Amino acid sequence: MRVGLLTGGGDCPGLNAVIRAVVRKGIEVYGWDLVGFRNGWQGPLEGLTKSLGLAEVEDILVRGGTILGSSRTNPYKTEGGVERIKRVLADQGVDALVAIGGEDTLGVAKRLTDDGVGVVGVPKTIDNDLAATDYTFGFDTAVHIATEAIDRLRTTAESHRRALVVEVMGRHAGWIALHSGLAGGANVILVPERPFSVAKVVSWVKRRFEREYAPIIVVAEGAKPEGGAEMLQSGEKDSFGHVALGGIGAWLADEISRHTGAESRAVVLGHVQRGGTPTAYDRVLATRFGLHAVDAVHDGDFGVMVALRGTDIVRVKLAEATAELKTVPLERYQEAEVFFG
Ligand code: F6P
C-alpha cells in the first residue's frame, strides 16, 4: 500500500512527531510505502512530493515546524482542483492520504472523502479549537510559551509599575488566553467569546495598582470590546475566508493609559507561540495520533479523524469534527473571573 502524508494550515509544534510516527509504524508494522506531499493541499494539487523513508524521519521528533511545509491552499477554490488531486494521486500510485491539519485542512479532507478520496485526519492547532477532541497537539506548547512570557513580563511590569497587555493567538477561541492567563496569574483575561467592557477592565487594572501590584492583561487577538468589532491587520482574506487579526493589545493598552493615567505597554507574542520544539505532552499526543491514524488507514476507515477522549485515542467522523469550533464555554471563563482585579 502507498500512503500520502501532508500538513496544512498554520504550522504547529508536534507536526514532525506525527509524521515520524506514521512513517515508522507504516513501514515497520504494515510494510507501506510512504510519500510526503509538500505545502498542504498544494502538494497533491500540483504533484509536489518529498520521499519519506525511515532516514527522513530519524531526527525530527523534537523539531518544530513541519518537514513537509504547509500552506493554506484550498483545492475547492481552484478550478478543477478535486480532479487534479485525483489525477496526481493516481499518477503517484497513492491509495490513501493522512491529512494533518486544523478546521480548514480537515474540512477539505471531509469533502474529498465525500468525493471518493480515502483520507484520515489528524487534528492539529495551537488554538485547541477543534471539536470532537479534548486537546489538539501544539496547544500545550503554545500555552507554555505564553505563560513563560507572562512570568517574564510581570517582573518588568512591577519594576516600572506599568500595566502590561499581552496579546496571544486565538481568532475565534480564547483557549490560549484562558490557560496562559490562569497559569500566569493574569488579572484580566479577554477572549473572543465574551465581548468586554473597557470600563470594567480599567476598574480591575486600578484595583491591582491600588494593591501595589502591576496588572497583566492577557487578550486573545480575536477579543473585542462590547459594541465593537475585531481588530484587523488588513482586510485581506486567505483562501478559507480568514482575515489576519491583530492590534487589540495596543488599542487596549492606550485605553488603559488614557483612563488610569498609568503607563501601559502592549506585547504581541505572535508566531513565537507556534515555533520551536514541542513540549513532552505534545510530543506524546502527536505520536499517539500518528500511530492511531495508521491503524485507521490500515482498516480502510476513511472520513475519520483521530481524537483524544480522556486518555484514549478514538476515531470520530470528520463531519462531526469539523461541524463547529470548540470555543471557551461560559462556565470555564467564569472560573477564571474569580482572579480578575
Ligand atoms: O493556526 C491558527 C492561528 O494560530 C491563529 O490563532 C492565528 O490567527 C493564525 O494562525 C495566524 O496564522 P498566519 O499568520 O500563519 O496566517
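Trainee: Which residues are around the ligand?

Mentor: A residue is near a molecule if one of its heavy atoms lies within 4 Å of it. Here the residues around the ligand are R72, I126, D127, M169, G170, R171, E221, H271 and R274. In this predicted model, local features need pLDDT of at least 70 and side-chain atom pairs count only at pLDDT 80 or more, whereas totals for chains, interfaces and linings use all residues. Residues are numbered from 1 along each chain as its sequence is written, and side-chain values use heavy atoms, with hydrogens and water left out.

Trainee: What polar contacts does the ligand make, a polar contact being a pair of N or O atoms within 3.5 Å?

Mentor: An oxygen atom of the ligand lies 2.6 Å from a side-chain N or O atom of E221, and a polar side-chain atom of R274 is 2.9 Å from a ligand oxygen atom. From G170 it is a backbone N or O atom that lies 3.3 Å from an oxygen atom of the ligand.

Trainee: Which domains does the shell around the ligand draw on?

Mentor: Domain bounds come from an automatic or database domain assignment, which for this chain gives domain 1 (2-137 + 278-321) and domain 2 (139-274). In contact, meaning heavy atoms within 4.5 Å, are 23 residues from domain 1 and 18 residues from domain 2. The shell around the ligand takes at least three residues from each of domain 1 and domain 2.

Definitions and conventions. A polar contact is a pair of N or O atoms within 3.5 Å; within protein, one must be able to donate a hydrogen and the other to accept it, and residues adjacent in sequence count only if both atoms are side-chain atoms.
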